[in-house]
Amino acid sequence: MQHLNPKEAFDFLQANPEAVFIDVRSEMEYMFVGHPRGSIHIPWVDGPEWEINPMFVAHVRKASSVNRPVLLICRSGRRSADAGLALENAGLKDVYNVEHGFEGDLNDSHHRNSHNGWRFDGLPWAQT
């Protein structure tokens with residue numbers, strides 16, 4: 001799995017329009033915090049039990065079909081890295097993770113969106 005910072009991920013998506021951009025966060029995060037424009041939502045872990053989605057790999061395979069790069073994003077890059085490892089273990093080869101994710105790393109005050117991440121970098125996003 002390759003790791004890209006948010007700006008590199010955005011450039012990668014522009015250069016590879018066939019790539020599938022997947023937001024792996026929970027439904028609540030996707031809907032209420034916002035999400036990158038052009039991403040599709042396939043949760044890695046979601047409520048109410050907060051367990052790994054047993055259909056995650058199958059849903060990603062369906063969304064990506066054959067030989068399309070898969071780019072994953074979550075809040076900070078940790079869940080998407082775990083999800084990417086699961087995809088690689090299932091045989092997918094062209095998997096990318098967005099470092100720092102949508103909201104970025106925590107700052108000294110334990111807040112996000114203050115020094116890195118998709119939103120901090122001013123990349124396109126929407127809130128539904």
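Analyst: Val 70 stands opposite Val 95 in strand β8. The model is predicted, so local features need pLDDT of at least 70 and side-chain atom pairs count only at pLDDT 80 or more, while totals for chains, interfaces and linings use all residues. Residues are numbered from 1 along each chain as its sequence is written, and side-chain values use heavy atoms, with hydrogens and water left out.

User: What makes β7 and β8 a pair?

Analyst: Two strands pair if DSSP finds at least two bridges between them. Strands here are DSSP runs of E with at least two residues, and helices are runs of H or I with at least four, numbered from the N terminus. β7 and β8 (residues 95–98) are joined over 3 bridges in the parallel sense, so they meet the definition of a pair.

User: How does the chain cross from β7 to β8?

Analyst: The chain goes through helix α4 (residues 78–89), and this β-α-β crossover is right-handed. That word applies if, with the strands pointing away from the viewer, the path from the first strand over the helix to the second runs clockwise.

User: Which strand do 4 bridges join to β7?

Analyst: Strand β2 (residues 20–23) is joined to β7 by 4 bridges, and the two run parallel. Ile 22 stands opposite Leu 72 in β7.

User: Which way do the residues of β7 point?

Analyst: Val 70 and Leu 72 point one way from β7 (residues 70–73), and Leu 71 and Ile 73 point the other way. All are buried.

User: Why is Ser 26 called buried?

Analyst: Buried means under 20% relative accessible area, exposed means over 50%, and partly exposed lies in between (1.4 Å probe, protein chains only). Ser 26 has 3% relative accessibility, so Ser 26 counts as buried. Ser 26 lies in the loop between β2 and α2 (27–33). Leaving aside residues up to four places away in sequence, Ser 26 touches His 41, Val 45, Asp 46, Trp 50 and Arg 79; contact means heavy atoms within 4.5 Å.

User: How many helices and strands does the protein chain have, and why is the chain called compact?

Analyst: The protein chain has 4 helices and 9 strands. Its radius of gyration is 14 Å, close to the 14 Å that the globule rule gives for 128 residues, so the chain is as compact as a globular protein of that length. The radius is taken over C-alpha atoms, and the rule is 2.2 Å times the number of residues to the power 0.38.
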